[in-house]
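The entries below follow the order in which I looked things up.

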Amino acid sequence: RPVTILHVEDNNTVAETVKDTLKYEGYKVELCRDGSEALSILASTEPYALLIFDNELPGINGIELTYRVWQIAHRRRTPIIMLPASDVEKEAWQAGVDAFLRKPEDISQLIVMVKRLLRKVG
């Protein structure tokens, strides 16, 4: 069974690029384009091994979504990668992300980071 990753991103180009990149590596990627919708999905029992959040999202932004995920008992150990275009690195670390990659320049490091984080929880 492939590992499932939830990617919360409202930009179609970025969402499809990340999905294709991760699928090529053998991961299953589910896309969500809205922070509030992502919170509902994460409250469910769907098994996600890793979460990737943009920050500027409709509904709830990625920083707030990170804070809220930590309040969901069965998600507390799920690694979170923040992948925004905006400069929110300090806020992301304070919210509790496991990794911070800025798009587009750090997107090439995404696969390495995903593998590293999945090994930690694996």
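My notes begin with the conventions, then go from helix to sheet to core.

**Conventions.** I worked on a predicted model, in which local features need pLDDT of at least 70 and side-chain atom pairs count only at pLDDT 80 or more, while totals for chains, interfaces and linings use all residues. Residues are numbered from 1 along each chain as its sequence is written, and side-chain values use heavy atoms, with hydrogens and water left out.

**Helix 1.** I took helices (H or I, at least four residues) and strands (E, at least two) as DSSP runs, numbered from the N terminus. Helix 1 covers residues 12–24, and its 13 residues reach 18 Å from first C-alpha to last, close to the 18 Å expected at 1.5 Å a residue. The expected span is 1.5 Å times one less than the number of residues.

I then looked up burial (buried is under 20% relative accessible area, exposed over 50%, partly exposed in between, with a 1.4 Å probe and protein chains only). Val14, Ala15, Val18 and Leu22 are the buried residues of helix 1. They lie on the same side of the helix because they cover an arc of only 100 degrees around the axis, the arc being that of the directions from the helix axis to the C-beta atoms. Thr13 and Tyr24, on the other side, are exposed. I found the buried residues packed against strand 1 (4–8), strand 2 (28–32), strand 3 (50–53) and helix 5 (110–121).

At the N-terminal end, Asn11 caps helix 1, with a side-chain oxygen 2.9 Å from the backbone nitrogen of Thr13. After the helix comes Gly26, whose phi is positive, near 100 degrees.

**Sheet.** I counted two strands as paired if DSSP finds at least two bridges between them. Five strands form an open, parallel sheet in the order 2-1-3-4-5. Strand 2 and strand 5 (99–100) are the edges, each pairing on one side only. Strand 1 and strand 2 are joined by five bridges, and His7 stands opposite Leu31 in strand 2.

**Core.** A nonpolar core is a set of buried Ala, Val, Leu, Ile, Met, Phe, Trp, Tyr and Cys residues joined through side-chain atoms within 4.5 Å. The largest has 22 residues, and Val8, Leu42, Leu51, Phe53 and Leu65 have the most contacts inside it. I noted a second, separate core of 18 residues, which includes Ile5, Leu22, Ile52 and Ile81.

**Thr78.** This residue lies in the loop between helix 3 and strand 4. Thr78 is buried, at a relative accessible area of 7%.

Methods
Contact = heavy atoms within 4.5 Å. Polar contact = N/O pair within 3.5 Å; in protein donor to acceptor, adjacent residues only side chain to side chain.
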